[in-house]
Amino acid sequence: MEKNLKVKTKANLEKTNSKLDELEPVSPASEYLLSEVATLYILSIFELEIPIDTSCVYAFFNSVFLNSHPRFSCIPIKGKKGRNMWKKVEVNVEDHIIKGPILPEGLSTESYSKHLDDYMSKIATTPFQLNKPLWEVHTFNYPTKNATSTLFVKFHHAVGDGTSLMGVVFTCLRRVDDPKLPLTFPSKTRKNSSREKQGAIHNVMKTLSEVPRFLSSIFTSLYDYGQTLKVVSFEDDCSPVRSGNTNMLLPSSARVCSVTLPLSDVKRIKSLLRVTVNDVILGIISFATRLYIQEIDQRQSNNSRMTASIALNTRSIKGYANPEEMRKGKTWGNKISVIELSLPKYKEEDLRNPLNIIMKVHKLMMRKRKSVGAIYLTAWTLDAIKLIGGLKAAARAFEKSWKNSTFAITNLVGPTQHASIADHPIKGFYFVPTRLNLSLTVSVMSYMDNLRIGLVVENGFIDHQRLINCMENAYQLFLQAATSSTKSTAQ
């Protein structure tokens with residue numbers, strides 16, 4: 001019996017060791033993100049309703065989180081021919097959970113909030129050690145204006161993009177009203193889905209009618225591909241929101257902040273104009289940016305060339321899946337591309353009717369949605385640069401696709417249900433991408449009834465409180481215009 005147990009134990013150890021020795025290639029996009037040229041992080045912020053119980057947090061990340069995907073137990077190493085590979089390692093969760101600053105008791109909420117902002121901005125750009133899995137958790141166990149306590153979960157972007165990580169969120173978090181149940185995933189839709197066949201003649205007629213649209217898509221894709229090459233080659237104008245000399249790798253180079261908007265109001269504007277939520281948000285952000293520039297330097301308010309780099313999910317299916325499904329379907333990782341949107345210049349009449357601004361953005365985005373081919377042409381170009389000039393050359397081109405623009409923007413759909421993490425109810429939840437060498441990076445995420453706009457600004461260059469005020473003013477102008485339009489229609 002004892003001999004059999006020893007044999008079995010030895011076999012289990014050998015099996016474990018063989019798993020630890022397994023290597024998996026790093027995807028091309030993740031290779032760029034692991035290079036020193038284009039290193040990016042993702043900082044998730046959970047604003048909690050109760051004080052943090054450290055034992056619950058340790059238990060959650062040691063079991064639920066670690067078991068959700070093998071990538072959280074991997075480190076990048078150099079494999080054959082110098083290519084990066086993922087290697088599975090043993091994980092000590094205590095090495096990844098970091099207790100925040102120890103502060104005096106009894107400070108005001110405003111004082112704790114300032115300490116939180118300073119700490120959040122500090123950890124946003126602090127580099128990861130590559131000798132352990134590329135994630136970490138930070139706790140801030142003091143009451144602020146937004147929460148009783150705050151939990152930060154930080155990832156290296158090479159681990160996965162926002163779509164991958166949101167799959168983990170929906171799988172690992174629980175509903176507050178029934179902790180036994182996971183969150184409900186948003187419905188999935190396949191891009192460019194077609195109706196079922198309805199007869200040969202119908203299909204022929206449909207194909208003929210699609211020819212002009214197909215040709216238009218080709219020309220639009222080629223034009224937008226040229227725009228991408230233009231952004232890679234030429235920088236936007238310097239302005240009060242773009243210094244042109246940003247280094248977000250330096251300590252204290254970034255300031256993280258956010259703006260909260262009621263999702264119901266945004267949807268009301270969307271329904272009135274028959275546009276998308278993204279069109280409304282992009283209209284608010286672009287107009288707010290112009291307002292900020294005007295306050296700082298009126299001469300540049302409408303003259304600066306401004307381009308927004310917008311991150312896109314390139315998977316064939318929209319929506320989230322649990323990490324195991326993504327692993328089996330080979331959709332986990334960084335399946336992203338960037339499109340460039342030249343932001344419109346506004347006329348005097350647009351300021352009198354701000355809804356025109358959203359319609360301008362809507363028309364631009366409609367055209368961009370037809371240029372799917374530009375995404376693949378850009379990917380092929382990066383592959384060609386990598387083949388000819390090597391990984392660093394391709395990573396530099398990858399970085400310039402956002403670095404030369406005025407700001408970058410990314411968005412995710414968050415949970416609609418009240419969620420909890422490690423048995424801690426979540427009051428607010430948003431994320432920000434960090435270490436982009438831009439003066440302004442914007443993220444947008446919905447959670448329950450709110451829409452959160454996250455901002456990472458160049459510290460000492462952009463007045464973050466002034467920019468927040470401009471965001472709120474732009475939103476109020478759009479809301480007032482929508483309310484007036486609704487009343488006029490009703491009359």
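**Reading the inside**

Modeller: Helix H5 gives the most to the lining of the largest cavity, with six residues. Keep in mind that this is a predicted model.

Biologist: How many cavities does a search of the whole structure find?

Modeller: The search finds three cavities of 30 Å³ or more. The largest has a volume of about 210 Å³. Of the 19 residues that line it, the closest to its centre are Ser44, Phe46, Phe155, Leu165 and Val169.

Biologist: Which elements give two or more residues to that lining?

Modeller: They are strand S2 (41-48), helix H3 (54-65), strand S7 (149-156), helix H5 (162-172) and strand S16 (424-434).

Biologist: What is the lining of the largest cavity by class?

Modeller: It has 17 nonpolar residues, two polar ones and no charged ones.

Biologist: Now the cores. What is the general idea?

Modeller: In soluble globular proteins, nonpolar side chains tend to be buried together. Here, the largest nonpolar core has 60 residues. Phe46, Phe61, Phe72, Trp135, Leu151, Ile421 and Ile426 touch the most other members. H5 gives the most to this core, with six residues. Apart from this core lies another, of 51 residues, with Leu263, Leu291, Met306 and Cys470 among them.

Biologist: Which residues does Leu151 touch, not counting those up to four places away in sequence?

Modeller: Its contacts include Ile45, Phe46, Val57, Phe61 and Ile421. Ser44, His138 and Thr139 are also among them.

Biologist: How do I read a helix that packs against other elements?

Modeller: Start with the geometry. An α-helix has 3.6 residues a turn, so residues three or four places apart point the same way. Now take H3, where Val57, Phe60, Phe61 and Phe65 are buried. These four cover an arc of only 90° around the axis, which puts them on the same side of H3.

Biologist: What do the buried residues of H3 pack against?

Modeller: They pack against strand S5 (97-99), strand S6 (135-140), S7, H5, strand S15 (419-421) and S16.

Biologist: One last residue. Is Ser30 buried or exposed?

Modeller: Check its relative accessibility against the cut-off: buried means under 20%. Ser30 has 2% relative accessibility, so Ser30 counts as buried. Its place is in helix H2 (residues 28-34). Leaving aside neighbours within four places in sequence, Ser30 is in contact with Ala158 and Asn334.

Note on methods:
Residues are numbered from 1 along each chain as its sequence is written. This is a predicted model: local features need pLDDT of at least 70, side-chain atom pairs count only at pLDDT 80 or more; totals for chains, interfaces and linings use all residues. Side-chain values use heavy atoms; hydrogens and water are left out. On a 1 Å grid over the protein atoms alone, a cavity is a set of points where a 1.4 Å probe fits but cannot get out, and a pocket is an open set with protein on both sides within 12 Å along at least five of seven lines; lining residues have an atom within 4 Å of a point. Grid points are joined across faces, edges and corners, and a volume is the space filled by probe spheres set on the points. Ala, Val, Leu, Ile, Met, Phe, Trp, Tyr, Cys and Pro count as nonpolar, Asp, Glu, Lys and Arg as charged, and the others, Gly among them, as polar. A nonpolar core is a set of buried Ala, Val, Leu, Ile, Met, Phe, Trp, Tyr and Cys residues joined through side-chain atoms within 4.5 Å. Buried means under 20% relative accessible area, exposed over 50%, partly exposed in between (1.4 Å probe, protein chains only). Contact means heavy atoms within 4.5 Å. The arc is that of the directions from the helix axis to the C-beta atoms.
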